[in-house]
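Subject: Structure for you to look at

Hello,

Please find the structure below.

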Amino acid sequence: MASQRPLKAWLLALATTAGLLGVAQVASAEDLPVALQAVLLKKVLNYDRTLAQKKLKLAVVHKASEASAAEVVKAFEEVGITSEVVTLAKLPGASATVAYLVADATTPEAQAACKSAGILAVGGVEATADSGLVAVAVTKRADGRPGIVINLPAVQASGHDLSSDLLKLARVVH
C-alpha cells in the first residue's frame, strides 16, 4: 500500500518543478494544463484499490470537441497510459474503468452513464467534483499549486475505493 509521505513529497516536487518550468500557466484561471493533469491523475489512480483488481482502461469522453479529446489522449500517452476517445453517446457501451470527461462531456448524462457502468469519472475542473459530475478532479488551488478534489459519494456510487492515504491529501466533498 502506498504511504502518504511519498505522495506528499511527489506533489510538492511536482508543484515546484511546474513553477520553475513555467508549466503552471493555464488555459483558464481554474484549470491545470492537460499534461500536468495527466501526470497527477496517473498518480491518483495508483491509490484506487478497485483498479488493483481490474485493468486500467481510460476513455477520454467528449460530446463534440474531438480536438480537445485528442489533446488529452496525447497527454495520457506521454505518461504511459493508453486511452481511447469515446463520444458521450457511446460511453454507456465502453469497456472503460476510468473516464476523463472533457469539458463539453461533463454532464448529468455522463455522470449517470459512469455510475451505472462502474466507471470512475475524472476531470480537471474543481466545480465538477464539487457538484458530483466527476468523482475526482485535479485542479489548481488558490495558491497556484496542484490540488486534488474528491467527491466521495460519486466515488462510492461508481463502485471504486480510494485509499485513505489519498483522501488525507485531497479536499474531500461528502
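**V136 and its surroundings**

Leaving aside neighbours within four places in sequence, V136 is in contact (heavy atoms within 4.5 Å) with L41, V44, A121, V122, G123, I148, V149, I150, V155 and L162. This is a predicted model, in which local features need pLDDT of at least 70 and side-chain atom pairs count only at pLDDT 80 or more, while totals for chains, interfaces and linings use all residues. Residues are numbered from 1 along each chain as its sequence is written, and side-chain values use heavy atoms, with hydrogens and water left out.

**The cores**

V136 also belongs to the largest nonpolar core, which has 34 residues; together with F76, Y100, I148 and I150, V136 touches the most other members. A nonpolar core here is a set of buried Ala, Val, Leu, Ile, Met, Phe, Trp, Tyr and Cys residues joined through side-chain atoms within 4.5 Å. Buried means under 20% relative accessible area, exposed over 50%, and partly exposed in between (1.4 Å probe, protein chains only). Several elements each supply at least two residues of this core, among them helix 3 (66-78), strand 3 (98-101) and helix 6 (152-157). Helix 2 gives the largest share, 7 residues. A second, separate core has 19 residues, including V61, A99, A129 and V134. In soluble globular proteins, nonpolar side chains tend to be buried together.

Helices (H or I, at least four residues) and strands (E, at least two) are DSSP runs, numbered from the N terminus. Strand 6 (residues 146-151) pairs with strand 5 in the antiparallel sense over 5 bridges, with K140 opposite P146. Strands 5 and 6 form a hairpin with 5 residues between them, and G144 in the turn has a positive phi of about 90°.

Strand 4, helix 5 (residues 126-131) and strand 5 make a right-handed β-α-β unit. Right-handed means that, with the strands pointing away from the viewer, the path from the first strand over the helix to the second runs clockwise.

The 7 strands form an open sheet with mixed pairing, in the order 2-1-3-4-5-6-7. Its edge strands are strand 2 (83-87) and strand 7 (171-173), each pairing on one side only. Strand 7 runs parallel to strand 6 and is joined to it by 3 bridges; R171 is the bridge partner of V149.

**Helix 4**

Which residues of helix 4 (residues 108-117) are buried? They are A110, A113 and C114. Seen down the axis of helix 4, these fall within an arc of 95° (taken from the directions from the helix axis to the C-beta atoms), so they line one face of the helix. The buried residues pack against strand 3 and strand 4, whereas P108, K115 and S116 on the other side are exposed. After helix 4 comes G118, with a positive phi near 70°.

Regards

Methods:
Two strands pair if DSSP finds at least two bridges between them.
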